Structure formats: structure tokens, C-alpha cells
Amino acid sequence: MRRLARPASGAASRFPVFYTVIGGITASVGLELFLHPHDMIAGGITGISRLMSLYTQEHFGLLLFVLNLPLMLLYSLSTHKPMLLRALPGLFAFSGSAIILSPFPAVSGHPVVCALGGGICIGLGAGLTARHGGLLDSLALSESEDGRPSTLMLTRRKIPLIQIVMLCNGLLLITAGFVLGWEPALYSALSCLAAYETTRLMFTGLRRMVCVVSNKQQAVEDAIYCRLRLHSTPIRGSTQIESKMSESDTNEQMAIVYSVHLLDLQRFKVAIHMADPQAEIMHMKRWEM
């Protein structure tokens, strides 16, 4: 399934600092009231800070700020983007509230509940902060502002930064297994997965904008309506869509846009391919009007 640009989310927030601060506090709640009392860690610099705090006896919140600050500064200088200024309020709130909440006990004594609850809180906080231009963890720098994955030049090859982040998190969880035990490490992996999925839902929601390109428009529309009761929005002559199509004859094809629930995506694709096996299905990632 191919990807197109998704619709722009609208005007920027009027109070971005407020939302980044709330996001930092929410993420620290997930750490200090769910994960850390059960010896679980999060991914990225946050997890590294936790492991270092166990050995250096320095406070986790202080290490979190100290380790993130130079990496964000380096990123700002190398890309000429004011990342540091936008990230500082959320980072201050994240590390400061972690210091305040550290004496409090865990919300639950069940590690599975804490792993899922902590991951959801971290995902909500990270997603809320990122949606308003902030950042809580410098290893979360996986996409550029135009929506394309950032890359790192190594040995004359561009390596997607998301792959490097995943490798770092994998090594971090393995290290946590040796240091904290394998059971907390497995719960930490569950927490990281919950945080990742929650952050993704914060950006994409429960619905996906999908573009279908087919020369059997009526058959495709009838099949989708019969299965899912979805109505389409046909688009003719759109240069934005035609530029993303394959080399087939776009003059004979119709681009149809659907808003599909996440749980209906598989049935949606099956219905399309039953009506027209040659149809193209493209996710709309960012759509600049």
C-alpha cells in the first residue's frame, strides 16, 4: 500500500507551551507512578537515564535533562531549526515533575497493568508534546517537518533514523535484561510498544484517509458500500494524486477518497481487490491544500 500526503491538521495551536508542559507531566506520571516502581524502563534517552541513575545515584530527572539537552542542541545546530527552544518547556516539565513524583508509590501492584498504563501515559504525553512542536526524548527525532523520515549518512548510505532508534531501543532492553532482570525487561518492552502505538494514534486517530485509484469506479464503490456502508469522495484531474500514480493511463482512472476506521482497513482492502484486482490503494499521509 502506497502513501500520499495527508490533509493538513489546520492552524497551529494558540498555546503550544501549555500543551507541551501538560505532555511532559503526563509522561512523567507514566514513568514515576507506573514503570519505575516496578523496575521497568522506557525507550530512548529516558531509559538510558534511568539505568544511569541506578548506578550513579543521581536523580533520574536531572540525568534526563542533562542527557537530552546536548543532543537537542546538536540537532538544532545541524538542521538550523529552533528545536531546542520549542523542546525546553516540555523537557523542563518532564524532568521536573519526575523529581516531584519520584517519592510516590506505584499506582498498582500488578506489573502488566503498570506496563500498559505507563506506556499509555508516556505515549499520550509524547504525542501531545510532539503535536504542538515540542519533544520529550531526543531519540524521538525520526521524522522531518515535511513528514519524510530523517536519514543519517553512514558508509555512503542513507540509513533511516527510525531504524537506528529501533536498534538503540533493542540494545537498551537487552541491557535492562542483564541489569534489572529479564522479567522487568519484557514488561518494559510491552510498555514501549504501548507508548509507540498510543503516540501513533495521537497523530493519526482511529480513522485513515485512503485514496483508491481504479478504472472500475462504480464496481469499487458498490463493493465498499455493500460491505462497509462507506460513501466516497471522487476526485478528477487532481495533479496531487496523478503525480503519485504509477505509469498507467491516469486519464481512464478515477481517484476515490475514503475515510476508513482502523479496524475496517483489512475488510476495506479485500472489498476493493475483489471488485478490481488492478486497483491501487494509497494512504494519504500529508495533504497540503
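**Helix 1.** I began with helix 1, residues 16-35, which has 20 residues. From its first C-alpha to its last I got 27 Å, close to the 28 Å expected at 1.5 Å a residue; the expected span is 1.5 Å times one less than the number of residues. Helices here are DSSP runs of H or I with at least four residues, strands are E runs of at least two, and both are numbered from the N terminus. I then listed the buried residues of helix 1, and they include T20, G23, G24, A27 and S28, as well as G30, L31, E32, L33, F34 and L35. Buried means under 20% relative accessible area, exposed over 50%, and partly exposed in between, with a 1.4 Å probe on protein chains only.

**Ground rules.** I noted that this is a predicted model, in which local features need pLDDT of at least 70, side-chain atom pairs count only at pLDDT 80 or more, and totals for chains, interfaces and linings use all residues. Residues are numbered from 1 along each chain as its sequence is written, and side-chain values use heavy atoms, leaving out hydrogens and water.

**Whole chain.** I found 10 helices and seven strands in the protein chain. Of its 289 residues, 40% are buried. I also looked at contacts (heavy atoms within 4.5 Å): among those between residues at least 6 apart in sequence, 76% join residues at least 24 apart.

**Helix 7.** How far apart are the end C-alpha atoms of helix 7? They are 33 Å apart, which agrees with the 33 Å that its 23 residues should span. P184, A185, Y187 and S188 are among its buried residues. T198 also lies in helix 7, and I count it as buried because its relative accessible area is 13%. Beyond residues up to four places away in sequence, T198 touches G119, I120, G123 and L124.

**Helix 5 on helix 7.** Helix 5 (residues 111-131) packs on helix 7 (residues 182-204) at about 35°, with axes 7 Å apart. Axes are lines fitted to C-alpha atoms, for helices over the stretch in contact, and angles run from 0 to 180 degrees between N-to-C directions. The contact has 16 nonpolar, seven polar and one charged residues. In this count Ala, Val, Leu, Ile, Met, Phe, Trp, Tyr, Cys and Pro are nonpolar, Asp, Glu, Lys and Arg are charged, and the others, Gly among them, are polar.

L262 sits in the loop between strand 6 (254-261) and helix 10. Leaving aside neighbours within four places in sequence, L262 is in contact with L201, L206, R207 and R208.

**Helix 8 on helix 10.** Helix 8 (residues 217-228) and helix 10 (residues 265-275) pack at about 145°, with axes 9 Å apart. The residues of this contact divide into 11 nonpolar, no polar and two charged.

**Cysteines.** My search of the whole structure for disulfides (cysteine sulfur atoms within 2.5 Å) found zero. C121 is buried at 16% relative accessible area, while C226 is exposed at 58%.
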